Amino acid sequence: MRALPWLYLAAAFVFIYLPVGALVLFSFQGGGLPVPPFDGPSLQWYRDILNDGDVMAALGHSLAVALASSSVAVALGFCAAYGLARHVLPGSAWIRGLLIAPLTVSYLIIGLGLLIVIQRAGIGLSLATAGIGHVVINLPLCFAIIYAAMGAQQQNAERAARDLGASEAKVVLLITVPMLAPAMLAAFFLSVTLSWDEFIIAFLLTRFDVTLPVEIWSMLRSGLSPRLNAIGSLVFLVSVAGVLLLELLVFRRRR
């Protein structure tokens, strides 16, 4: 009976990571199809995608959109959280609910709504519009994380700074932001991860310059290839690196 929890844990990890393991394994396939039997190992598909200008451009686009949209989402989320946590506003509970509500809405609905608004406004589809869409979906997450971290400890430190003559700008920049830095970093890295993998909004709101998930989708229309496995392995590596960086910079520091 003591071994049962360990067996359950092992089965859960196998269920979660088996598809990823198969993806990584067949990215080293020497043949032209990512199917058994395994023919390798070979690095030809990694060399192929690293020399593919379209794939590398899409990779750069994904990184740019993820970093820029996450930065804006964290900044707006902090402003909203600070305003609602430190000031008594009429209907603040309704405002918080409206800010978090997009978390429950399908990305497809959000993307279609943004597409209609952008087209009616006469704005051309680009990486900038995809970034706007990613700010919309990540802002509620950033707000929720930062608002939850605003407790009495920060408020007491802010009051003490004001009593000592600090201006409101100095209180925010020198007291509030440093004390909330772990929560803001957590929100930023989670937003980067979500933006990095997001497809629907990026597909709807881009035209010529596309992100990596959209580029992968276009490659899938021509059939399976070890090139796709190699790209997926690189995406998985970047995602894991982001999670490890979050653990090292934020969660371990908080412990």
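The following questions and answers go through a predicted model of one chain.

Residues are numbered from 1 along each chain as its sequence is written. In this predicted model local features need pLDDT of at least 70 and side-chain atom pairs count only at pLDDT 80 or more, while totals for chains, interfaces and linings use all residues; side-chain values use heavy atoms, with hydrogens and water left out.

Trainee: How many helices and strands does the secondary structure of the chain come to?

Mentor: Helices (H or I, at least four residues) and strands (E, at least two) are DSSP runs, numbered from the N terminus. Read along the sequence, the pattern is α-α-α-α-α-α-α-α-α-α-α-α. The count is twelve helices and zero strands.

Trainee: What percentage of the residues in the chain is buried?

Mentor: Buried means under 20% relative accessible area, exposed over 50%, and partly exposed in between (1.4 Å probe, protein chains only). The chain has 255 residues, and the buried share of them is 37%.

Trainee: Which share of the contacts with a separation of 6 or more joins residues 24 or more positions apart?

Mentor: Contact means heavy atoms within 4.5 Å. Among contacts in the chain with a separation of 6 or more, the share from residues 24 or more positions apart is 72%.

Trainee: Is Ser195 buried or exposed?

Mentor: Ser195 is placed in helix 9. Leaving aside neighbours within four places in sequence, Ser195 is in contact with Val65, Ala66, Ser69, His134 and Asn138. Its relative accessibility is 4%, so Ser195 counts as buried.

Trainee: How far apart are the end C-alpha atoms of helix 8?

Mentor: The expected span of a helix is 1.5 Å times one less than its number of residues. Helix 8 (residues 168–179) has twelve residues, so it should span 16 Å. The distance in the model agrees with this: 15 Å.

Trainee: Which residues of helix 8 are buried, and why do they line one face?

Mentor: Seen down the axis of helix 8, the buried residues fall within an arc of 90° (taken over the directions from the helix axis to the C-beta atoms), so they line one face. Helix 3 (53–86) and helix 7 (152–163) are included in what covers them. On the other side of helix 8, Lys170, Leu173 and Leu174 are exposed. The buried residues are Val171, Val172 and Thr176.

Trainee: How many aromatic pairs does the structure hold?

Mentor: Rings of Phe, Tyr and Trp (its six-membered ring) pair if their centres lie within 6.5 Å; planes under 30 degrees apart count as stacked, over 60 as edge-to-face and the rest as tilted. By that rule the number of aromatic pairs is six. One of them is stacked, at 5.4 Å centre to centre with 25° between the planes: Phe199 and Phe203.

Trainee: Which residues do ring pairs link into a cluster, and what is their accessibility?

Mentor: Phe199 is partly exposed at 26% relative accessibility. Phe203 has a relative accessible area of 36% and is partly exposed, and Trp217 is partly exposed at 34%. The cluster linked by ring pairs is Phe199, Phe203 and Trp217.

Trainee: How far apart in space are Ala101 and Ile16?

Mentor: Ala101 lies in the loop between helix 4 (92–100) and helix 5 (107–120). Ala101 and Ile16 are 85 residues apart in sequence. From C-alpha to C-alpha, the distance is 29 Å.
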